[in-house]
Amino acid sequence: MEAKIDQNKCVGCLMCVGLAEEVFRENAEGFSEVYAPVTKDNIRYVLDAMNQCHMKAIKLSLFWE
């Protein structure tokens, strides 16, 4: 499973970093980015971050095209 952040929607609030720091971090531009895979141990935090993102910038998928 893989997470992705739409950089066109992310406003840099970093809420997802606070909720799932095992997967998300702040990049050099001050926005969130994915830096680690989603695992069975962290998926609950990723799902929480995805559901709480007010910009709906976080997507979760098995495969990316």
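In this predicted model, the buried residues of helix α2 are covered by several elements, including β1 (2-5), α1 (15-19), β2 (24-26) and β4 (58-61). Helix α2 itself spans residues 43-52. Its buried residues are V46, A49 and M50. These three cover an arc of only 100 degrees around the axis, which puts them on the same side of α2. The spacing follows a general rule. An α-helix has 3.6 residues a turn, so residues three or four places apart point the same way. The face of α2 turned away from the buried side carries R44 and N51. Both of these residues are exposed, that is, over 50% in relative accessible area.

Strand β1, one of the elements covering α2, also has two faces. A3 and I5 form the covered face of β1. E2 and K4 lie on the uncovered one. Strand β1 runs antiparallel to β4, and 4 bridges join the two strands.

The largest cavity holds about 90 Å³ of space. Its lining consists of 14 residues. Nearest the centre of this cavity lie C10, C13, C16, S32 and C53. By type, the lining divides into 11 nonpolar residues and 3 polar ones. No charged residue takes part in the lining.

Terms used:
Residues numbered from 1 in each chain as written. Predicted model: local features only at pLDDT ≥ 70, side-chain atom pairs only at ≥ 80, totals over all residues. Heavy atoms only, no water. Buried < 20%, exposed > 50% of the residue type's maximum accessible area, 1.4 Å probe, protein only. Arc of directions from axis to C-beta. Contact = heavy atoms within 4.5 Å. Pairing = 2+ DSSP bridges. 1 Å grid on protein atoms, 1.4 Å probe; cavity = no way out; pocket = protein on both sides within 12 Å on 5 of 7 lines; lining within 4 Å. Points joined across faces, edges and corners; volume = space filled by probe spheres on them. Nonpolar A, V, L, I, M, F, W, Y, C, P; charged D, E, K, R; others polar.
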